[in-house]
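Thanks for coming, everyone. Have a look at the model.

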Amino acid sequence: MDTKKFYITTPIFYANAELHLGHTYTLILSDILARYHRGIGDETFFLTGSDEHGDKIVRAAQKQDMGPQAFVNANVAKMQELIKELNVSNDLFIRTSDKEHHWQGVTKLWHALEEAGDIYKGIYKGLYCVGCEAFITEKELVEGKCVNHDSVPEKIEEENYFFKLSKYAPEIKRLLESGELKITPKSKVNEVIALIEAGEEGGVLNDVSISRPERAIPWGIPVPNEPNQLMYVWCDALSNYITALGYGRKDDENFKKFWPANVQVLGKDILRFHALLWPAFLLSAKLPLPQELLVHGFVTSGGKKMSKTIGNVLSPGEFISEYGLDSLRYYLAREVSTGEDWDLTREKFKEVYNANLANGLGNLVSRTLKMAEQYFEGEVKGDTTSVPPLRTRIQEVEALGDLPGLTLPYLITSDILPRYHVHMTAYEVNKAADAIWELVGHLDQFVTDYEPFKLIKTDKEATEKVLWGLLYGLREISTMLAPMMPETAEKISELLGAKVGKEGDITFSSNVPSEPLFMRK
Ligand code: MSP
């Protein structure tokens, strides 16, 4: 079988503050998809990194009496620590202050835009929101303020370089309408098209400024042959998706192999940059566009945007120390629907944890393993043809007429597994997780139907078949769980101790865990 390549990116995170649960979601969602694709054998490259230039950073550094480089170094170290703690399996972490790996590519991209005749000098007179690191128009303000940052933008007038974004608007519109540039969820396509159409009437989609005059503290990538100008931070930042692969460097094998990205994951606040500016840069440089932008919503806490002033900022660390990392990964995988905003409170987290992890999965694993230990000293032999059907489904199956081998895989997992894969390949992680917990439910039902704890008194052979079915089901669960909850999946798989024989039969040499996988809270 030919291996396919899979390139997935997260946005690069501003190196001005600690990452919170919103950023954590972007990271975990991407990690699940990367791990899934690695697991099915795709040659996978997973990129994340830090966005280190721009006024926002310089000002934050000044507030702490630090130079920008020392400031970002300290923040990036914390960021990388958290990424490790989250068990994120990125292949590379790109830093935009990395001259060797990032700057050359950005400069090459600038030259490519220049060669296409898409860069010209002009005067920018208007508003700039430092929080967004973006030029914004009066039209976008609510009560004179930027809606994302609730702050009054700065009025600026300066000589800048401009990029002919307007030239590419019709082509981007066409690509979006034809689905050649896919955005998930689909509703976001209309949002971008609306922006383009508003631009056609002289709104936001004018040419954009892509440089800023050098500041008192020069902190950014210089515009080639123009010592007084620095590149606009989004121009520098978006390029990371290709510079990380070696674009603009001699060692560009990864660029040749992995670009265009299969999917770029991002939050809804930065859709405009990824769906307009980024494709326009790529079209201008005659580079292929990413296949898909996967856009997720925002996490709120108690119905309100997380903010330090309200005091409702939730940090990933708090959940990890109370419930364990995989419980947090579970929550983000299953309880969040990618396209929508979602609310998180400590109470909700606890409720879901107890219902689905301590009781649901954890309980199923421990009672199955305890029975295997008690009745068979952990050694349970069997194969897929010997498992009795789920009683609740017997009638359903009988109605289909004669079927060869009424096996557990057929009855229980046959439609769950393909559905799991369909959802994972469509980036619908929460639906894939639902499929796993559907199997947890089926296995619970299996215990209710056959009552192995009673059956053992009358029929040891039949009990072994039932237990084997349960262990087999758990094995399927551990495989499907691996991208979402890697440590738990590994633990379950070790506890099961499955050995596959020549004929495809499986013997389990299982163990009872010394403590529950998920302690009730
Ligand atoms: N540096 C830019 C991205 C440049 S990519 C070329 C940036 N950084 S960020 O640190 O502010 O955000 C990184 C990601 O975290 C974005 O996808 C953003 O949408 C996401 N989130 C930040 N706050 C969030 C929530 N409250 N909820 C969910 N995601 C949020 O933007």
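**Ligand site and a helix pair**

Start with Val 299. One of its backbone N or O atoms sits 3.0 Å from a ligand nitrogen. That is a polar contact, meaning a pair of N or O atoms within 3.5 Å. Ile 12 also uses a backbone N or O atom, 2.8 Å from a nitrogen of the ligand. Asp 51 uses its side chain instead: an N or O atom there is 2.7 Å from a ligand nitrogen. On its own, the ligand exposes 660 Å², and the protein buries 94% of that. Those areas are Shrake-Rupley, with a 1.4 Å probe.

A caution on the source: this is a predicted model, with local features needing pLDDT of at least 70 and side-chain atom pairs pLDDT 80 or more, while totals for chains, interfaces and linings use all residues. Numbering runs from 1 along each chain as its sequence is written, and side-chain values use heavy atoms, leaving out hydrogens and water.

Now the shell. There are 23 residues around the ligand, each with a heavy atom within 4 Å of it. Among those that come nearest are Gly 267 and Asp 269. The shell divides into 12 nonpolar, nine polar and two charged residues, with Tyr and Cys counted as nonpolar and Gly as polar.

Next, the helices. α12 (residues 325–334) packs on α13 (residues 346–376) at about 95°, axes 11 Å apart. So α12 is roughly perpendicular to α13, a label for angles of 65 to 115 degrees. Tyr 330 and Tyr 331 are among the α12 residues in that contact, and Phe 349 and Tyr 353 among those from α13. Contact here means heavy atoms within 4.5 Å.

Notes
A polar contact is a pair of N or O atoms within 3.5 Å; within protein, one must be able to donate a hydrogen and the other to accept it, and residues adjacent in sequence count only if both atoms are side-chain atoms. Axes are lines fitted to C-alpha atoms, for helices over the stretch in contact, and angles run from 0 to 180 degrees between N-to-C directions. Helices (H or I, at least four residues) and strands (E, at least two) are DSSP runs, numbered from the N terminus. Angles under 35 degrees count as roughly parallel, over 145 as roughly antiparallel, 65 to 115 as roughly perpendicular and the rest as oblique.
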